[in-house]
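This briefing concerns domain annotation and helix packing. Please consult the sequence and the structure shown here.

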Amino acid sequence: MDFTLSEEQLMIQQAARDFARNELLPGVIERDDAQKFPFELVQKMGELGFMGMMVNEKYNGSGLDTLSYVLAMEELSKVDASASVMVSVNNSLVCWGLQTFGTEAQKAKYLSRLSTGEIIGAFCLSEPEAGSDATSQKTTAIDKGDHYILNGTKNWITNGGSAEVFLVIAQTHIEKGHKGINALIVEKGMEGFEVGPKENKLGIRGSDTHSLIFNDVKVPKENRIGEDGFGFKFAMKTLAGGRIGIAAQALGIAAGAYELALKYSKERKTFGTEIANHQAIAFKLADMHTKIQAARNLVYQAACEKDAGKDYTLSGAMAKLYASEVAMETTIEAVQIHGGNGFVKDYHVERLMRDAKITQIYEGTSEIQKIVISRSVLKD
Ligand SMILES: Cc1cc2nc3c(=O)[nH]c(=O)nc-3n(C[C@H](O)[C@H](O)[C@H](O)COP(=O)(O)OP(=O)(O)OC[C@H]3O[C@@H](n4cnc5c(N)ncnc54)[C@H](O)[C@@H]3O)c2cc1C
């Protein structure tokens, strides 16, 4: 595959790199400590077109391809994975889902504001008893004619406290199993909708993760996405693309840690020479560089397949599985290369190591990616 970037793609990459360095880097340690992310930064990302990258210009989006989105995700994630997960959820799950499967009225009402960073969205599938086993939905959306009555709890919802629009997956026809599931658009402030306390996390601490509680929430029928019973398919199709975004996040975390380790290895001296001159360190850098490039190829391949209208389920799962492994390995080695300095916050690599872990868990754990991949290869 030819991954030569166009002028436009190079410009987007540079814009994301500049934004990350100039706007995200200052305060990233403090945001991680305080578990906060000021909404003004989301709005700035919106102004630069990062919140609705693949959304049609008709709905205030940037009208770009998936590869451009992946390039931006990589650059933002090098510096602040909390920012990039907000970008990822809003772009690949919420905006893409609405643009692809929403009605004109839904797009007009929500998409235009989500694309500009005026508001942010959340994707709500996981529950206390339904994570990897997403078919075990206990949240119910009972059909009451012109509306649904929504009851249940969602867990681990990214943007849970800051979002205005929530795409909620719920069971309508229990007897039909996953074919009886619907996806509903829920708005912040609807009666009976409560946001639980913020989770105190290992990594991506700037991103707000909450449980959500629905107590007899009345959701109008026009807020259903797709046909009756389309909800599970909606979630799976949306997540297949979401994985490309998370794979790009993992790639960025790995590349960010590698860049810091490379720089440090040329500055820090032991035994009268820069540590890069010790073969043990040089070989670590060689391994990191090789694996990051391999991960990048997988991520770009998945993005290009999506842009070409091909089935990207397999390539997306491979990209996420591999890039998240590389993120974990690379960040651990980056901490090692920094020695004691790697263990303190000022050098950024310990944060990147903590942030890397989530890429092996959310939007399908590594084990689930292996199920997707093995099913695909065994089918052939
Ligand atoms: C910070 C954060 C943000 C998140 N954001 C969102 C969000 O915005 N929206 C949302 O809906 N969800 C979100 N999630 C939830 C996330 O997607 C789930 O945590 C994830 O899918 C795993 O589900 P679980 O936690 O229930 O683990 P479980 O499903 O209980 O899995 C536990 C372990 O068992 C393994 N396992 C399970 N089943 C199998 C199997 N069949 N074969 C082999 N191994 C298996 C898993 O891989 C894992 O290692 C988020 C989670 C976190 C931590």
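How are α8 and α9 oriented to each other, roughly parallel or roughly antiparallel? In this predicted model, the axes of the two helices cross at roughly 155°. An angle over 145 degrees counts as roughly antiparallel, and α8 and α9 are therefore roughly antiparallel to each other.

**Packing of α8 and α9**

- Helix α8 spans residues 279-307, and helix α9 spans residues 313-337.
- The axes of α8 and α9 come within 9 Å.
- The crossing of these two helices, α8 and α9, is left-handed.
- The contact of α8 with α9 comprises 16 nonpolar residues, together with four polar and five charged ones.

**Domains listed by UniProt (unreviewed entry)**

- UniProt assigns "domain: Acyl-CoA dehydrogenase/oxidase N-terminal" to residues 6-118. In the model, residues 6-118 are 72% helix and 0% strand, and the end C-alpha atoms of this stretch lie 29 Å apart.
- For residues 122-217, the UniProt feature is "domain: Acyl-CoA oxidase/dehydrogenase middle". The chain over residues 122-217 is 0% helix and 50% strand, with 17 Å between its end C-alpha atoms.
- The feature "domain: Acyl-CoA dehydrogenase/oxidase C-terminal" is placed by UniProt at residues 231-377.

Technical notes. Residues numbered from 1 in each chain as written. Predicted model: local features only at pLDDT ≥ 70, side-chain atom pairs only at ≥ 80, totals over all residues. Heavy atoms only, no water. Axes fitted to C-alpha atoms, helices over the stretch in contact; angles between N-to-C directions. Helix = DSSP H or I, 4+ residues; strand = E, 2+ residues; numbered from the N terminus. Parallel < 35°, antiparallel > 145°, perpendicular 65-115°, else oblique. Left-handed = near helix turned anticlockwise from the far one by under 90°. Nonpolar A, V, L, I, M, F, W, Y, C, P; charged D, E, K, R; others polar. UniProt positions renumbered as here; feature names shortened; annotations may be inferred.
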